[in-house]
Amino acid sequence: MRKGMLFCLILLVGLGLFLLMRRGFLWGAITEGKWGLVAQLEDMRRGQTNLVLGPEGERFFLFMNVVQVGGTNYQCVLAVDRDEFKGRGFLATTTNRTFIWVGAEGKNEVK
């Protein structure tokens with residue numbers, strides 16, 4: 001009986017750590033995506049609109065859409081998709097560096 005309970009406890013702790021690490025990987029990918037977007041915005045301001053595949057599997061693209069988050073409209077100009085996002089959405093930015101997660105299920109959030 002005790003071995004079964006110990007096994008279940010270890011299994012639950014392992015599952016919890018896995019889910020926590022998975023969320024941490026997404027947060028890290030979003031942070032790296034922000035750095036890439038800032039660099040691309042600076043290039044655009046200098047007249048260099050060379051949207052390229054980034055070193056970390058980043059795909060930059062023009063995203064000239066209005067995204068609504070909590071009743072506020074944000075005019076986006078640029079976005080990035082990364083391998084780590086795994087189809088869950090992509091990260092967009094405005095010209096004043098407001099970063100917005102555009103979720104695949106329509107759930108948008110300011111990051």
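I began with Asp83, which forms a salt bridge with Arg59; their closest N and O atoms are 3.0 Å apart. Asp83 sits in the loop between strand S3 (72–81) and S4, while Arg59 belongs to strand S1 (residues 59–62), so this pair ties together parts 24 residues apart in sequence. I noted that the model is a predicted one. Next I noted a network: salt bridges that share partners join Glu32, Glu58, Arg82 and Glu84.

I then looked up the total, and the structure holds eight salt bridges. One of them joins Arg97 to Glu42, with the closest N and O atoms 2.3 Å apart. This pair links distant parts of the chain, since Glu42 is in helix H1 (residues 2–45) and Arg97 is in the loop between S4 and S5, 55 residues apart. Glu42 has a relative accessible area of 26% and is partly exposed. I also recorded the bridge between Asp43 and Arg46, whose closest N and O atoms are 2.4 Å apart. Arg46 counts as exposed because its relative accessibility is 54%, and the cut-off for exposed is over 50%.

I went back to Arg97 for its backbone. Most residues other than glycine have a negative phi. Arg97 is not a glycine, yet its phi is positive, about 65°. I placed Arg97 in the loop that runs between strand S4 (89–94) and strand S5 (99–103). At 36% relative accessibility, Arg97 is partly exposed.

My next search was for aromatic pairs, and the whole structure has four. Phe61 is in strand S1 and Phe90 in strand S4, so the pair ties together parts 29 residues apart in sequence. Are these two buried or partly exposed? Phe61 is partly exposed, with a relative accessible area of 29%, whereas Phe90 is buried, with 17%.

Another pair is Phe85 with Trp101: the ring centres are 4.9 Å apart and the planes at 90°, so this pair is edge-to-face. Phe85 lies in the loop between S3 and S4 and Trp101 in strand S5, so parts 16 residues apart in sequence are tied together. Phe85 is buried at 0% relative accessibility, and Trp101 is buried at 6%.

My last entry is a cluster: Phe61, Phe63 and Phe90 form one aromatic cluster.

Terms used:
Residues numbered from 1 in each chain as written. Predicted model: local features only at pLDDT ≥ 70, side-chain atom pairs only at ≥ 80, totals over all residues. Heavy atoms only, no water. Helix = DSSP H or I, 4+ residues; strand = E, 2+ residues; numbered from the N terminus. Buried < 20%, exposed > 50% of the residue type's maximum accessible area, 1.4 Å probe, protein only. Salt bridge = Lys/Arg side-chain N within 4 Å of Asp/Glu carboxyl O. Phe/Tyr/Trp six-rings, centres within 6.5 Å; stacked < 30°, edge-to-face > 60°.
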